Amino acid sequence: MANIVMFCIFAIVIVGAALLSVTTKRIMRSATYMLVVLFGVAGLYFLLDYTFLGAAQIAVYAGGVTMIFIFAIQLVNKRALEGAVENMKLKSIVRGLLLSVIGLAVVLGIVVKNRLISSACCMADEGGEVSMDVIGNALMGAGKYQYVLPFEFISVFLLACIIGGIVVSRKEKETK
């Protein structure tokens, strides 16, 4: 019962902070709310007794990625940030909602196609848990349904974000 209560608390905090992160107009507040979301996800890992994943979530995502965002925000000059405020237009809202519905349909299609809910229920009935060896092999394996290639893509993406932040932060040459 206590796990369900803690899950509900974490879920409310994560959803609330995520909504605040995308709706606030101040970029530092958005980064702070994102940090709260990442700590909430780490809390869910700790609740599931996946202490390694929880610690990795805090160290890599909550620590590293948030620091990259904050440094990028600090490097961007104030004039560029002032021009970044955009009014919400109906066309943008409709486009965002349409993309969200498409993303939800894709996720639900994957869940239904792979029978993930029924397999999770069967594992829970059998009392089986996934060991850290299985998780580690799935994350670092290069075979089918393993994730070393997506990790490499993410590292290249983060490098591109850092380079983009440096390019944006460079001072523009004054024209005479």
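**Exercise 1.** Is Val36 buried, partly exposed or exposed?

*Solution.* The structure is a predicted model, in which local features need pLDDT of at least 70, side-chain atom pairs count only at pLDDT 80 or more, and totals for chains, interfaces and linings use all residues. Residues are numbered from 1 along each chain as its sequence is written, and side-chain values use heavy atoms, leaving out hydrogens and water.

Step 1: locate the residue. Val36 belongs to helix 2; helices are DSSP runs (H or I) of at least four residues, and strands (E) of at least two, numbered from the N terminus.

Step 2: apply the classes. Buried means under 20% relative accessible area, exposed over 50%, and partly exposed in between (1.4 Å probe, protein chains only). Val36 has a relative accessible area of 34%, and is therefore partly exposed.

**Exercise 2.** Describe the overall fold.

*Solution.* Step 1: the secondary structure consists of 8 helices and 0 strands.

Step 1: of the 176 residues of the protein, 12% count as buried.

Step 2: among contacts with a separation of 6 or more, 44% join residues 24 or more positions apart.

Definitions and conventions. Contact means heavy atoms within 4.5 Å.
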